[in-house]
Amino acid sequence: MGVNIMGMDEKKIINASGFPFQIKVKELIEKQERLNWKVESIEHRWDYNGKSGFIDIIAGQYTTQRLVIECKRDRKPWFFLVEEENKFTDFKTLYRYGGDSPTDMETKYLWWDFELFPDSYSSKFCVVEGQGVKGQPMLERICDDVLLSTEALLFQEFKNQFSGNRKWYFPMIVTNTNLFACFVDSSKIDVISGELDEFKKKEVPYIRFKKPLFSSINPEEILNDFEELNRFNSRTILIVNASHLADVLKEWSIQFKQFDRPPGYRNF
């Protein structure tokens, strides 16, 4: 129990920072060392595209995979609107392949759809009680920062010429709050009020949050319409309840989609 100095509740102040939760998430990852998961860095500083910040945790498996983790503590549940009751394996992740340095002409980096396990429901909409109707929603704002820091990390490795010519970077948010998939049937939405009459709800351990979000990486080819542009700008962030993080790391597996390799890809 914290000792009150000048009337302050030290424990409440420390817990409000969110740092104790971040330390706990780090411990959860370290316990998966037998599966070759390793905490590469904590409070990792980045500067990129005129902005700067800190990545809460960088976790790695072998030398090829990086999890860029934002730890987010919240007392209110997060509700994700889901239009399909199917689980998905597709995950658009930042991928680098080719040469060992940014000056190597064969080096390529792009956001590309892979198959990632474990599978989960996927949603474009997250609702949190008290979230304002004006301005950018809470989760989208957090995701933009996570994606920017993910690209920053890729270029940091370029600049320092870390070993390896193939790497995956996965943005992830780990939270203590409850996550709910809310299955929406458009026929149950009243056209006058714009409100749902009824829906099914299911608590989930993790979920894919997928929609067009921030990126500084532009397409190499010409896009023909809004559908292609929207698909290119789409990003995926895995949202994980911390109590189930160990399960995610145990089941973690990444592979190419069949007959869908990145442009210019070659086997090494």
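Q: Which strand does Pro118 lie in?
A: Pro118 is in strand S6, residues 108-120. Strands are DSSP runs (E, at least two) and helices likewise (H or I, at least four residues), numbered from the N terminus. The model is predicted: local features need pLDDT of at least 70, side-chain atom pairs pLDDT 80 or more, while totals for chains, interfaces and linings use all residues. Residues are numbered from 1 along each chain as its sequence is written; side-chain values use heavy atoms, without hydrogens and water.

Q: Is the peptide bond from Phe117 to Pro118 cis or trans?
A: The bond from Phe117 to Pro118 is cis, and its omega is near 15°.

Q: OK, other backbone angles. What is the phi of Asn36?
A: The phi of Asn36 is positive, about 70°, although Asn36 is not a glycine.

Q: And where is Asn36?
A: Asn36 sits in the loop that runs between H2 and strand S1 (37-48).

Q: How does S1 pair with S2?
A: S1 and strand S2, residues 51-61, are antiparallel, with 10 bridges between them. Strands count as paired if DSSP finds at least two bridges between them. One partner pair is Trp37 and Gln61, the latter in S2.

Q: How many residues are between the strands in the hairpin of S1 and S2?
A: Two residues separate the strands of that hairpin, and Asn49 there takes a positive phi near 55°.

Q: Switching to charges. How many salt bridges does the structure hold?
A: There are 11 salt bridges in the structure, each a side-chain nitrogen of Lys or Arg within 4 Å of a carboxyl oxygen of Asp or Glu.

Q: Which residue forms a salt bridge with Glu30?
A: Lys26 does, and the closest N and O atoms of Glu30 and Lys26 are 3.2 Å apart. Both residues belong to helix H2 (residues 19-30). They are four residues apart there, about one turn of the helix.

Q: Back to strands. What order do the four strands of the open sheet have?
A: The order is S8-S4-S10-S11, in an open sheet with mixed pairing.

Q: Which are the edge strands?
A: Strand S8 (125-128) and S11 are the edges, each pairing on one side only.

Q: Do S4 and S10 run parallel or antiparallel?
A: S4 (residues 78-82) and S10 run parallel, joined by five bridges. Val82 stands opposite Phe183, which is in S10.

Q: What comes between S10 and S11?
A: A loop lies between strand S10 (179-183) and strand S11 (200-204), and Glu198 is in that loop.
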